[in-house]
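Open the model in your viewer and keep the selection panel at hand. This tour goes stop by stop: select, look, move on.

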Amino acid sequence: MKYLKGFKKYYGQKILWYLITLFFAIVLNFVLPRLMPGDPVASIAAGAVSGMTDTTAIQKVLNDYAEKFGVNEPMIVQFGIWAKNAIRGDFGVSFGQYPRTVADIISSSVGWTLALQLPAILVGWILGNLLGAVAAYIKGAFDKVILPVFLFVSNIPAFGMAIILLTVFGINLKWFPTSGGYGFDLIPNMSWEFVRSVISHYQLPFWSIVLITIGGQAIGMRSMAIYELNADYVKYSRFLGIKDRKIVGYVFRNAMLPQITGLAMSLGTMMGGALVAEIIFSYPGIGSTLMTAVRGQDYPLISACTLMITVMVLLANLFVELIYGVIDPRVKAAQQD
Amino acid sequence: MKNTIRQVFHSPKFVIGFIIFAALLLTTIIYPIVVATDPLEMVGNGNFFKPGTYVSVKDAVEGSKYTLNVDVQSASLGSKISAEDKEAMKEWLVKFGGVAEADIDIEDAEGLIGLWEANYSENAEQKGLTSSKKKYYVRLNKNIDGILLNNDVIIAQENSETGELEQSASIGSQEFVNTKDVANRRTFILGTDNFGRDVLTELVHATKTSLRVGLIAGVIATLIGLFLGLISGYVGGVVDDLIMFITNMFTVIPSFVLLILISYSVGQNARGVNLVGIIIGITSWTWTTRSVRSQVISLRNRDHVNLSKLSGHSMMRIVLTDILPYLASYVVMAFILQISSGILAEAQLSMLGLGPSTSNAATLGLMMNWATLYAAPLNGSWWAYFPVVITIALIAFSLNLMNTGLDQVFNPQLRD
């Protein structure tokens, strides 16, 4: 009973902290563009309609803008209006893809990004940790060969790996399609043909993220595991005659903990890299949407994309921390006090 | 100090990383001295010219000729008849020429042409062939005949009075020019990019600019991180809580997002190379702050620090003389990593179209951005992006190797 209470407190604190961070991130998302010199809102509105020829469209966008952002009100009132709309999922109308709403564009791309990045980062993380632990344990030739390779691979930027895989497997070997999330001649539905097309388009982006993640994680895990293998408890366990396999299990579990924290802290960076890799494959996720938005000076879309990325990273982080609470014996012990 | 440096240079990892990095850096310094052309000069009038040496056709025609007794025909056949053409020829021969499939070797261009010449006839009965396909074979046949005929190429000039063409020279197929004799030639080791610029020269200058971005970002991030980490760790209490609260927040809020927001807000015109470096610097200090803080906390109750406190030294002096020297190795390591991540951040920003907006310098990220915008991978123009990816990877690899080497020297537990 006491145990449960401790958990509740731990989770409560974590969730509260993340809520505060989320609020802060939302404020930054709103304030940063408006802190810049000049009148960004007006110039953005002007820039947004500069390419349009349809006068009713221009008027609609300008009106929409004035209404949505309350351009003439003080900043705090503007924030109120903006936040109220954002909570309802209303981020305005896209400048670049008028008359689609930003919410519509975002909701059609979030799924692609989630379905691509979540499994890819997880698979890469698990494979990387296994390889790193094996490299630390076996040492010798395996370690000597694997480590420099991973060290180099982990330094190739995600988009670089993406473009290499694209060239080799997409263009030269023609094993997989080179761009998009599904065949350009298909309409999304649940048919077998469509699913097969999605799966074959999924391969290259997926593996490029996995490969990058494996490299970095393997190196981290290897040094963690070496560190743990030299720890006193390992020597003591050997002295007691405990089986090697069991010791490796202990070492792996202990070395894993910092790796989980590491995952939480580098998730943002990883996702940033993976988002850019999407662009290489014109994958219909947030990354490609963001690039289109930047090219089209589509301010509402950019701000919604960055907000979406922040929310995703924060949620993933919160999730990792909550799991950490369950598996780290020290956190558990602290809760029982 | 001297001993430490000697120790560092005994670490093979550090030395390898250092050599790669120094080689890259030296290239960016020496290359521009040797090749003084403007890196952004649009030499090629068109997209993505292949790597190689380009010689002026006119100079080649007018230059002195050498007759070489070599077989020129098979090489021309090989380059002028594509693999698809060969496949089509084989298909025709099997279907209508009465040649057994086993007798045809598609790799042997001369043998295939021989069979073709012996068996192909325009008027043969070709059942089941569309007329466009029939015409394709006629064209292909003419093409092959042209190569086989081996006629001299006649150079003619227009007579300015009569307007008639007069033969001025004829060039046989065995005639060669020495490329050294041709005055007008340019070598593009890595071809040209989508704007017709020499990729190698551009790459070298871009590496230099990207290193500058990384350096600016690294210096700023390290300074902010060091400053906040020192205060937070040494002062402790409410100040520590506040700084760590902010630091933890910025660790979780992806710096990638802040980068995008700030870069976009600054505006296209103001975003120069230095400013991009500064923006990257002010969004990536959190790691340094955390590690400096934890180091300072472990240092601040050491005897020599307490002694300084008892002696009444000012906080400034204690931090500078009693704490900072112990942090030096950490700070250098963090700085190295910051440079590497700064270069990567610039590249990612540029891929999104938020990189430095400049008409007088290229960066590695901008080169990647241009290459992808102009679909270099789909054109097969590997030279426009592959060297860039390798350069970014090499810079990051060398810096990380140096970092790992330093880590092993300063944390003996990690040595293997």
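At roughly what angle do the axes of helix H8 (residues 199-235) of chain B and helix H14 (residues 315-352) of chain B cross? Select both helices. Their axes cross at roughly 140 degrees and come within 7 Å. Keep in mind throughout that this is a predicted model.

**Stop 1: H8 and H14 of chain B**

Stay with this pair. The crossing of H8(B) and H14(B) is right-handed. Now show side chains where the helices meet. On H8(B), the residues in contact include B:Ser210, B:Val213, B:Gly214, B:Ala217, B:Gly218 and B:Ala221. Further along H8(B), B:Leu230 and B:Tyr234 are also among them. On H14(B), look for B:Val319, B:Ile323, B:Phe335, B:Gln338 and B:Glu346, among others. Colour the contact by class.

**Stop 2: H10 and H11 of chain B**

Next, select residues 255-266 of chain B, which are helix H10, and residues 273-282, which are helix H11. Here the axes come within 10 Å and cross at roughly 145 degrees. This crossing, too, is right-handed. H10(B) contributes B:Leu259, B:Ile262, B:Ser263 and B:Val266 to the contact. From H11(B) come B:Leu275, B:Ile279 and B:Ile280. By class, that gives six nonpolar residues, one polar and no charged ones.

**Stop 3: a hairpin in chain B**

Select residues 153-158 of chain B for strand S3, then 165-171 for strand S4. The two run antiparallel, and six bridges join them. Find B:Gln157 and look across: B:Glu166 in S4(B) stands opposite. The strands form a hairpin with six residues between them. In the turn, pick out B:Gly163, whose phi is positive at about 75 degrees.

How many of the six residues of S3(B) are buried? The number is zero, so this strand lies largely in the open.

**Stop 4**

**Stop 5**

Most residues other than glycine have a negative phi. Two residues on this tour go the other way.

Select B:Phe48. Its phi is positive, about 45 degrees, although it is not a glycine. B:Phe48 sits in the loop between helix H2 (12-34) and strand S1 (52-55) of chain B.

Now jump to A:Ser282. This residue is not a glycine either, and its phi is positive at about 45 degrees. Look for A:Ser282 in the loop between H10 and H11 of chain A. It has 19 other C-beta atoms within 10 Å, so it counts as partly exposed.

**Stop 5: chain A as a whole**

Show chain A as a cartoon. You will see 13 helices and zero strands. Of its 337 residues, 41% are buried. Take the contacts in chain A between residues at least 6 apart in sequence: 72% of them join residues at least 24 apart.

**Stop 6: where the chains touch**

Show both chains together. In this contact, 45 residues of chain A meet 38 residues of chain B. Several helices of chain A each supply at least two residues to this side, including H1 (2-35), H8 (192-229) and H12 (299-327). Which helix gives the largest share? H10(A) does, with nine residues. By class, the side of chain A that touches chain B has 29 nonpolar, 15 polar and one charged residues.

**Last stop: A:Met291**

Finish on A:Met291, in helix H11 of chain A. It has 23 C-beta neighbours inside 10 Å, so it counts as buried. Which residues does A:Met291 contact, leaving aside its neighbours within four places in sequence? They are A:Ile279, B:Leu352 and B:Gly353. A:Met291 and A:Ile260 are 31 residues apart along the chain, and their C-alpha atoms are separated by 31 Å.

How values were computed:
Residues are numbered from 1 along each chain as its sequence is written. Chains are lettered from A and ligands numbered from 1 in the order in which they are written. This is a predicted model: local features need pLDDT of at least 70, side-chain atom pairs count only at pLDDT 80 or more; totals for chains, interfaces and linings use all residues. Axes are lines fitted to C-alpha atoms, for helices over the stretch in contact, and angles run from 0 to 180 degrees between N-to-C directions. Helices (H or I, at least four residues) and strands (E, at least two) are DSSP runs, numbered from the N terminus. A crossing is left-handed if the near helix is turned anticlockwise from the far one by less than a right angle, and right-handed if clockwise. Two residues are in contact if their C-beta atoms, placed from the backbone, lie within 7 Å. Ala, Val, Leu, Ile, Met, Phe, Trp, Tyr, Cys and Pro count as nonpolar, Asp, Glu, Lys and Arg as charged, and the others, Gly among them, as polar. A residue is buried if 20 or more other C-beta atoms lie within 10 Å of its own, exposed if 12 or fewer, and partly exposed in between; C-beta atoms are placed from the backbone. Two strands pair if DSSP finds at least two bridges between them.
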